[in-house]
Amino acid sequence: MTGRFSVSNLGARYGRAVVLHDVALPALRDGEMLGILGPNASGKSTLMRRLTGEMPGPGDILLDGRTQREHGREGWRRAVAAAPQTPPAPSALMPTELMWSTARALGLALSDAELAARIEGIFDELGLGAVALSPLATLSGGKRQLVGLALALVRNPTLLLLDEPTSALDLHWRLAVLDLVRRRLRAQGGLVVAALHDLDLAARYCDRLAVLHEGRVLAAGCPAEVLTPDLLARVYRVEAEVSADPEGRPVVRALRAIDPGKGD
Ligand SMILES: Nc1ncnc2c1ncn2[C@@H]1O[C@H](COP(=O)(O)OP(=O)(O)O)[C@@H](O)[C@H]1O
Ligand SMILES: [Mg+2]
């Protein structure tokens, strides 16, 4: 096994409905980011819940040479942090309170001064300093999504899981968040798996992609191998042109929806 992280034979079901079938993901080396693509209901969030350990099911999830089970509940909770698709609910709680309680519940071995500095750094990077003491109920959906990300980052995980981390953000913050994630990988290593719905952002920021369709991985590899017109037609039912940017990364231009009557 080369990479630090790999997934194979992964399944998941809700009651009798099987929603992930034999999922394998490209292995990740230190500092790499994997993008999970796929239309609505293809199983991205379910895959994320299998990776966090919230949801049981068959499969092998390996992180640093040990399976999820071998890490144990506590070990996995320390190594892995997720920003779920739904941001923290509007409430009277303030971002600062949530950050402190999250970090202290995890038992992070940091002094108060060290933790305060870490929280301030994260708030600065995410533009949350001005709302650190505002009740979540007064924040926009975008700001609450950034708080959700901050709560994952404060745990400083080995494996960071992001479920559509930019869905509520404007263009500036979409890029800023993904830039921050890449900077973090460069500076301190670690691994990121992110479900993304924007194909161009996925192509630009991810080292590897896996495309889910009806709970199965239809394509996986580096972005240029994965994002082909044929795949986009099969999975997203669009006719698309794929060109390359100056760094050789694919740029997708969707031209039209394929007529369902004529598709398949
Ligand atoms: N809590 C749940 N109970 C039953 N079915 C669910 C539940 N969550 C998701 N599903 C179903 O599982 C499939 C995959 O959903 P999901 O993982 O949320 O996909 P995605 O994140 O790609 O939109 C969908 O058919 C969805 O309806
Ligand atoms: Mg989802």
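Me: How many nonpolar, polar and charged residues does the lining of the second largest cavity have?

Reply: This is a predicted model, in which local features need pLDDT of at least 70, side-chain atom pairs count only at pLDDT 80 or more, and totals for chains, interfaces and linings use all residues. Residues are numbered from 1 along each chain as its sequence is written, chains are lettered from A and ligands numbered from 1 in the order in which they are written, and side-chain values use heavy atoms, leaving out hydrogens and water. Ala, Val, Leu, Ile, Met, Phe, Trp, Tyr, Cys and Pro count as nonpolar, Asp, Glu, Lys and Arg as charged, and the others, Gly among them, as polar. On that scheme the lining of the second largest cavity has four nonpolar, three polar and two charged residues. Among them are Glu 164, Pro 165, His 197 and Leu 201.

Me: How many cavities of 30 Å³ or more does a search of the whole structure find?

Reply: Rolling a probe the size of a water molecule over the atoms shows where empty space is left. On a 1 Å grid over the protein atoms alone, a cavity is a set of points where a 1.4 Å probe fits but cannot get out; a pocket is an open set with protein on both sides within 12 Å along at least five of seven lines; lining residues have an atom within 4 Å of a point. Grid points are joined across faces, edges and corners, and a volume is the space filled by probe spheres set on the points. Here the search finds two cavities of 30 Å³ or more. In the largest cavity, H5 supplies the largest share of the lining, three residues.

Me: Which element gives the most to the lining of the largest pocket?

Reply: Helices (H or I, at least four residues) and strands (E, at least two) are DSSP runs, numbered from the N terminus. H2 gives the most, with six residues. The pocket has a volume of about 760 Å³ and is lined by 31 residues, with Thr 52, Gly 53, Glu 54, Gln 68 and Trp 76 nearest its centre. By class, its lining has 12 nonpolar, 10 polar and nine charged residues.

Me: Which residues of H4 are buried?

Reply: Buried means under 20% relative accessible area, exposed over 50%, and partly exposed in between (1.4 Å probe, protein chains only). In H4 the buried residues are Leu 115, Ile 119, Ile 122 and Phe 123. Seen down the axis of H4, they fall within an arc of 100 degrees (taken from the directions from the helix axis to the C-beta atoms), so they line one face of the helix. The face turned away from that side carries the exposed residues Ala 113, Glu 120 and Asp 124. The buried residues pack against helix H3 (95-106) and helix H5 (141-153), where contact means heavy atoms within 4.5 Å.

Me: What span is expected of H3?

Reply: The expected span of a helix is 1.5 Å times one less than its number of residues. H3 has 12 residues and reaches 17 Å from its first C-alpha to its last, close to the 16 Å expected. Gly 107, with a positive phi near 75 degrees, follows H3.

Me: How far apart are Gln 188 and Gly 31 in sequence and in space?

Reply: They are 157 residues apart in sequence and 7.8 Å apart in space, C-alpha to C-alpha. Gln 188 is found in helix H6 (residues 171-188) and is partly exposed, with a relative accessible area of 48%.
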